[in-house]
Amino acid sequence: VETPEGQQCGLILVLAMFAQVGMGIPTSRIKSALVAAFGPESFDPLINTELKEISKNDFLVILNGTILGTTSDPQQLETDLIRMRRSQDMPCEMRVVWYRRPPMSRFLYINTDGSTALRPVFVYEKLHLVPQIIARTNALPSFWKKLMAAGCVELIDCEEQESRELLIAVTASDLKKNKPWTHLEIDPTTILGLMAQLIPFSHMNQSPRNMY
């Protein structure tokens, strides 16, 4: 966020509430897991690791900047990767980036590098499980772990949000609107950072006043 008018006074970077910086996962470890799950060793391989020839129907699968192989069904691969991440068969820090529109549609990125800002959001299709988990859980730390294990909450970054064209509802009342919602904010205030949280009645101010 830069100062809105006049001479630039500097740059303010604030991490959103509940957001975290990813620690990263070694490429060798995630590569072994991907090859075992989707490569030649699997029952129905989705990733071809032999790069002898790339046809027009092949899509490149890139892991942390390195070509891992090709796939002929990127949509199914993306769906399976996200499903395994939500069920904790894959690390929760793994990001899946596949742009639907050309020319970037030929590339499916799987990123596990560190220093990436990730924030938690509710998964829309798993919201019905949240009341059941609340009823069975008392301690707060275990409650968060159970939400993650049930796939009710997942960590996303800006790149994945843009590529998957996620539609995140700010409040639960927004879900009543007939839109293709994919996620729900844990709380509307979690979009903001700590400094913005300290401003009383910020929604009643002009945005330049809030920024100052």
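Predicted model: local features only at pLDDT ≥ 70, side-chain atom pairs only at ≥ 80, totals over all residues.
Residues are numbered from 1 along each chain as its sequence is written, and side-chain values use heavy atoms, with hydrogens and water left out.

**View A. A nonpolar patch on the surface is formed by Leu-51, Ile-54 and Ile-67.** Together these residues have about 250 Å² of accessible area (Shrake-Rupley method, 1.4 Å probe, with only the protein chains shown counting as cover for residues). Patch residues have over 30% relative accessible area and no salt bridge, and nonpolar side chains (Val, Leu, Ile, Met, Phe, Trp, Tyr) are joined within 5 Å, like charges within 9 Å. A salt bridge is a side-chain nitrogen of Lys or Arg within 4 Å of a carboxyl oxygen of Asp or Glu. Look for Ile-54 in the loop between helix 1 (27-38) and strand 2 (59-63); helices (H or I, at least four residues) and strands (E, at least two) are DSSP runs, numbered from the N terminus. Ile-54 counts as partly exposed because its relative accessibility is 42% (buried is under 20%, exposed over 50%, partly exposed in between; 1.4 Å probe, protein chains only).

**View B. Pro-102 and Pro-103 are joined by a cis peptide bond.** Its omega is near 5 degrees. Pro-103 sits in the loop between strand 4 (95-98) and strand 5 (107-111).

**View C. Phe-18 has a positive phi, although it is not a glycine.** The angle is about 75 degrees. You can find Phe-18 in the segment before strand 1 (20-21).

**View D. Ser-115, a residue other than glycine, has a positive phi near 60 degrees.** Ser-115 belongs to the loop between strand 5 and strand 6 (117-123). With a relative accessible area of 69%, Ser-115 is exposed.
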